[in-house]
Amino acid sequence: LMVATNYLFVIVHMIVLADHYARAIRAVETANETLEQTVVERTAELREANARVVASAQSLKELVGNISHDLKTPLTVASLQLERLNDPDRPKTDEDVRQMAAIAYNKTLDMQRLTRNLFELVRLEDGRVTYQPQWLCLSALMDEVHRRYTEYADSCGVVLAVRYGGEAEVYADPEKIWSVFDNLINNALRYTPQNGTITVQARRAGPGGVEVTVADTGCGIGPDALPHI
């Protein structure tokens, strides 16, 4: 009886050990599967992050190149107008002088805007841009849009229409919001032919929201460029 009891104890002990071993094996297999899945997911995330970094660097390079290229046009036009103004052998009426000065002035504004964009890019890349939003009256903001850009649009032979309905408040940085308007409206002016129209419109959008759109009658953005915006 003693021997049988010992054998029974050994058998039970072996069964328990076998069960523990089987559980350990399953735990290791599960851990391996989880680890493999985690490695696959992290690898995919790293590849996606790397692709974003590469795309961002390429976009930044193209943007800087475009801005640098765009600086040449207003600089050339402004220099040409100033050269004509300074030419003593070229007869000029008061209207000629006014037009030349206006063109040179507007092109100088273009260069200032492009230069600000370059500095803004550097600050964005360095993470040094800070925002100080506050509540702004929508009607006052749109009136200021009309005041700032109408004369420039007129000098380009383009009609600027500013429309908004109802009162609302916009939570935005009162300085940096003009970088948005400068970018959109100046681009619209560049690609809208004379006698065209640029419409800046603001309206309520959903609960507590305001939507501002800038539309023009120009050539539009090519399909190949849309993915880069």
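A residue is buried when its relative accessible area is under 20%, exposed when over 50%, and partly exposed in between (1.4 Å probe, protein chains only). By that cut-off, Y149 is buried, and so is W178. The model is predicted: local features need pLDDT of at least 70, side-chain atom pairs count only at pLDDT 80 or more, and totals for chains, interfaces and linings use all residues. Residues are numbered from 1 along each chain as its sequence is written, and side-chain values use heavy atoms, with hydrogens and water left out.

Start with the rings. Rings of Phe, Tyr and Trp (its six-membered ring) pair if their centres lie within 6.5 Å; planes under 30 degrees apart are stacked, over 60 edge-to-face, and the rest tilted. The count by this rule is three aromatic pairs. One of them joins Y149 and W178; it is tilted, at 6.5 Å centre to centre with 40° between the planes. Helices (H or I, at least four residues) and strands (E, at least two) are DSSP runs, numbered from the N terminus. Y149 belongs to helix α3 (residues 138-155) and W178 to helix α4 (residues 177-191), so this pair ties together parts that are 29 residues apart in sequence.

W178 also pairs with F181: the ring centres are 5.4 Å apart and the planes at 45°, so this pair is tilted. W178 and F181 both lie in helix α4, three residues apart, about one turn of the helix. An α-helix has 3.6 residues a turn, so residues three or four places apart point the same way. F181 is buried, as is W178. Ring pairs link Y149, W178 and F181 into a cluster.

Charges meet rings too. A charge sits over a ring if NZ of Lys or CZ of Arg is within 6 Å of the ring centre and within 35 degrees of the ring normal. The charged end of R148 sits over the ring of W178, 3.9 Å from its centre. K176 lies over the face of Y131, 5.5 Å from the ring centre.

Now follow helix α2 (residues 94-126). The expected span of a helix is 1.5 Å times one less than its number of residues. For the 33 residues of α2 that gives 48 Å, and the end C-alpha atoms are 48 Å apart, which agrees. Buried residues in α2 include M100, D110, R113 and E120. After α2 comes G127, with a positive phi near 70°.

Turn to the open space. On a 1 Å grid over the protein atoms alone, a pocket is an open set of points where a 1.4 Å probe fits, with protein on both sides within 12 Å along at least five of seven lines; lining residues have an atom within 4 Å of a point. The largest pocket holds about 1400 Å³ of space. It is lined by 31 residues, and L63, N66, N183, N187 and I229 lie nearest its centre. Helix α4 gives the most to this lining, with eight residues.

The second largest pocket holds about 730 Å³. Of its 26 lining residues, the closest to its centre are L109, R116, R148, Y149 and D182. Here α2 supplies the largest share of the lining, twelve residues.

One last stop is E83, in helix α1. At 55% relative accessibility, E83 counts as exposed.

Technical notes
Points joined across faces, edges and corners; volume = space filled by probe spheres on them.
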